[in-house]
Amino acid sequence: MHIPSHPHSSPPSSSQDMAISWWLILLTVMLLLPDSCPATEPPPESPLVLPRLTPQGEAQKLCHRIGNKLASVNVQECLDRNLAPSGGQSVEGAPILIREYPPAEGRTPQARVLLLGGIHGDEYSSVSIVFDWLQKLDRFHTGLFHWRIAPLVNPDGLLRSESQRTNARGVDLNRNFPTQDWDRDSEQYWVVRTDRDPRRYPGPSPLSEPESSWIHNEIMAFNPHVIIAVHAPFGLLDFDGPRAAPPQRLGHLYLDPMGTYPGSLGRFAGVEKGIPIVTIELTHAGIMPTETEIRNIWMDLVRWLSANIRDEGPRVMADSVPTPPAIPDANSKALSLAESASRDTAARPTPPPVRLQ
Ligand SMILES: [Zn+2]
C-alpha cells in the first residue's frame, strides 16, 4: 500500500530533532536567567570614576612634570630619587614630595635637618640643586644626620607654563608664616615697602596656603635642629637663629645677612622659634652653578652641620672659637661623606656643560 507522502504528516527527520532540542535548551536557559538581569536591559549607568593613583603613581606623575620642565633634572633622574608624597598638597592638588634619609639603625642622629627647595616657583636652580644633593645622599648617606628633604615645595608655581614666584593663588609663601607681627605689619609692609608687588603678596592670613601650612606642620612634627632653604638669585648666604655660628661661606657663597620680613620663614623659624635657618641664595635662578660649585657648596654645608649642629640644646659658637676642633669621631662620617662626594666628582672625566633652565 502506498502511503502518500505529506509534508505535515511525515515523521521528523534527525535534523529536525536537533533543531527542536536546541530551541528547548535555549528556552530553558532564558527561563533560568534571573529576572533582574534580562539580556535586553542596558547596563546601569555608572559615573566615570578615574582610577585613584597610588602614592607611588602620584610621585611618578609629578616626576614626569618636573622632568619635562627643568633642563637640569630629567624624568628618570627624578624617578631614581624615590620621592614619596608627604601627604601635603599644593593649591592645585599636586603632591609635595619628600625623601627621608633616616639615621643609622638604632642610632640617635647628630641632628635632624629639614632641607627645602623651590619655595619660590621661578627659582629653578633651587629645585635642581636639591635633586643633585639627593643623588649625593643616595650614594653617601651614612646615617649621621636624619634628613627630610622636599626639593619642590611650590609645585604649582614651577610647573605652570610660565613659572612664577608665588603659589597658584598668588601668595608669596615666604611671607605667609605666622610671625608675631603678621597681623600688624605684613599687609602694611607689602603696601608701603613693596608698593603692592604681586610677587610678594603675603596672603589673606598667616598659613592661608596649603604649601606654607605644610612647611609649618613639618617644622612642628619633625622638629628639625636646622633648616636649609634654597633660593636664588642673590648669590649669598643668609642666616637666622641663635643656636649656631652661621656659616661664613659655602662654596662661592658668602654670608651676607639680608634681614627678615613679616611672615618670612627666617623670621618665623629662625628668630621666633630659635631654629637655625640657613638660606642659600644661588647666584642665578635659571642657570645652575658648575658641578664643582654644586659639590663645594654641599661639602661645606655638611662640614658646617657636622661642626655646629647637634642635638644637645643651645651651643655657643662665638667668634672666639679660633679654629674648628680636631674632627671628633661623630663628625668623621659626615666629613667622609663630603669627601667621598668630592673624590667621586673629581674622578669624572669632564663635567657636563652648564645647562640653562
Ligand atoms: Zn626665593
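Two strands count as paired when DSSP finds at least two bridges between them. Keep that rule in mind as you explore these views of a predicted model.

**View 1. Strand β5 meets strand β9 in a parallel pair.** Five bridges join β5, residues 226-231, to β9, residues 277-281, and the two strands run parallel. Look for Ala229, which stands opposite Thr279 in β9.

**View 2. On its other pairing, β9 meets β6.** Here β6 and β9 are joined by five bridges, and they run antiparallel. If the two directions are new to you, strands of a sheet pair through backbone hydrogen bonds, either parallel or antiparallel.

**View 3. Step back to see the whole open sheet.** Seven strands take part, in the order β1-β2-β4-β3-β5-β9-β6, and their pairing is mixed. Which strands sit at the edges? They are β1 (84-89) and β6 (236-240), each of which pairs on one side only. From one strand to the next, the twist averages 20°.

**View 4. Helices α4 and α8 lie against the sheet.** Helix α4, made of residues 124-140, lies across β2 (95-101), β3 (112-116), β4 (146-150) and β5. Its direction is at about 130° to β5. Helix α8, residues 265-272, packs on the sheet too, where α8 touches β5, β6 and β9. The direction of α8 makes about 145° with that of β9.

**View 5. Strand β9 is covered on both faces.** Is β9 largely enclosed or open? Five of the five residues of β9 are buried, so this strand is largely enclosed by the rest of the structure. To count as buried, a residue needs 20 or more other C-beta atoms within 10 Å of its own. On one side of β9 you will find Ile277, Thr279 and Glu281, and on the other Val278 and Ile280, all of them buried.

**View 6. The whole protein chain gives the setting for these close-ups.** Altogether, the protein chain has ten helices and nine strands. Of its 357 residues, 40% count as buried. Now consider contacts between residues at least 6 apart in sequence: 78% of these join residues at least 24 apart.

Note on methods
Residues numbered from 1 in each chain as written. Predicted model: local features only at pLDDT ≥ 70, side-chain atom pairs only at ≥ 80, totals over all residues. Helix = DSSP H or I, 4+ residues; strand = E, 2+ residues; numbered from the N terminus. Axes fitted to C-alpha atoms, helices over the stretch in contact; angles between N-to-C directions. Contact = placed C-beta atoms within 7 Å. Buried ≥ 20, exposed ≤ 12 C-beta atoms within 10 Å, placed from the backbone.
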